[in-house]
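Here are a few notes for a first look at this one. Have the sequence and the structure open while you read.

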Amino acid sequence: QVKVPAGVDDGDQIRLGGEGQGSATSGSGDLYVQIRIRQHPIFSRDGDNLYCEMPVSIAMATLGGEIEIPTLSGRAQLKVPSESQSERVFRLKGKGVRNVRSSAVGDLFCKIKIETPVNLTRKQRELLREFDDMVKAGGERHSPRESSWSDRLKSFFTTS
């Protein structure tokens, strides 16, 4: 049996003294076990830090709210501020992997992914079109990426 300490990473080795093949002159040798870690369905790892992606609805990203995030030690609440954009990354300090050689603990980085609703009813489609028309008619900028892209495009043509 091999006791695998918390925090080992892919490629790490564990030495088991005296458990290897020996010779007639030197006794038993050491056995080295090389660790291979399977990919996790939720987390990816970089050193002591963990990364995950969490889906959020358009309403949650726009209005804000809280979502439950899985961690290695259970669950954590993440407050999503209003007007959050897709791909925004949140850092949960100390929710990563404990370092095998020290007592340091990495962080969990959670990226939100805004999900577009599917299988809408006719009424839901009408309401979304009405909302879109109101946003367009408002005269203010409501799409940060579109606005910045169009600003760069205008700047390109006016400075060239």
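Which residues line the second largest pocket?

1. Before the answer, a caveat: this is a predicted model. As for the pocket, its lining is made up of Asp 9, Asp 10, Ile 37, Arg 38, Gln 39, His 40, Phe 43, Ser 44, Arg 45, Leu 50, Leu 72 and Val 97. That set splits into five nonpolar, four charged and three polar residues, and the pocket's volume is about 310 Å³.

2. Now the overall layout. The chain has eight strands and three helices. Read from the N terminus, their order is β-β-β-β-α-β-β-β-β-α-α.

3. On to the inside. The largest nonpolar core counts 18 residues, and Cys 52, Ile 67, Ile 69, Leu 78, Leu 108 and Cys 110 have the most contacts within it. Two or more core residues come from each of β4 (49–57), α1 (58–63), β5 (65–71), β6 (74–80), β7 (89–92) and β8 (108–115). The top contributor is β4, with four residues.

4. Leu 108 deserves a click. Leaving aside residues up to four places away in sequence, Leu 108 touches Phe 43, Leu 50, Tyr 51, Cys 52, Ile 69, Pro 70, Thr 71, Phe 90, Arg 91, Leu 92, Lys 95 and Gly 96. Phe 43 and Leu 50 also turn up in the lining of the second largest pocket.

5. Finally, some totals. Of the chain's 160 residues, 20% count as buried. The accessible surface is about 12300 Å², with 50% of it belonging to carbon and sulfur atoms. Among contacts with a separation of 6 or more, 42% link residues 24 or more positions apart.

Definitions and conventions:
Residues are numbered from 1 along each chain as its sequence is written. This is a predicted model: local features need pLDDT of at least 70, side-chain atom pairs count only at pLDDT 80 or more; totals for chains, interfaces and linings use all residues. Side-chain values use heavy atoms; hydrogens and water are left out. A nonpolar core is a set of buried Ala, Val, Leu, Ile, Met, Phe, Trp, Tyr and Cys residues joined through side-chain atoms within 4.5 Å. Buried means under 20% relative accessible area, exposed over 50%, partly exposed in between (1.4 Å probe, protein chains only). Contact means heavy atoms within 4.5 Å. On a 1 Å grid over the protein atoms alone, a cavity is a set of points where a 1.4 Å probe fits but cannot get out, and a pocket is an open set with protein on both sides within 12 Å along at least five of seven lines; lining residues have an atom within 4 Å of a point. Grid points are joined across faces, edges and corners, and a volume is the space filled by probe spheres set on the points. Ala, Val, Leu, Ile, Met, Phe, Trp, Tyr, Cys and Pro count as nonpolar, Asp, Glu, Lys and Arg as charged, and the others, Gly among them, as polar. Accessible areas come from the Shrake-Rupley method with a 1.4 Å probe; for residues, only the protein chains shown count as cover.
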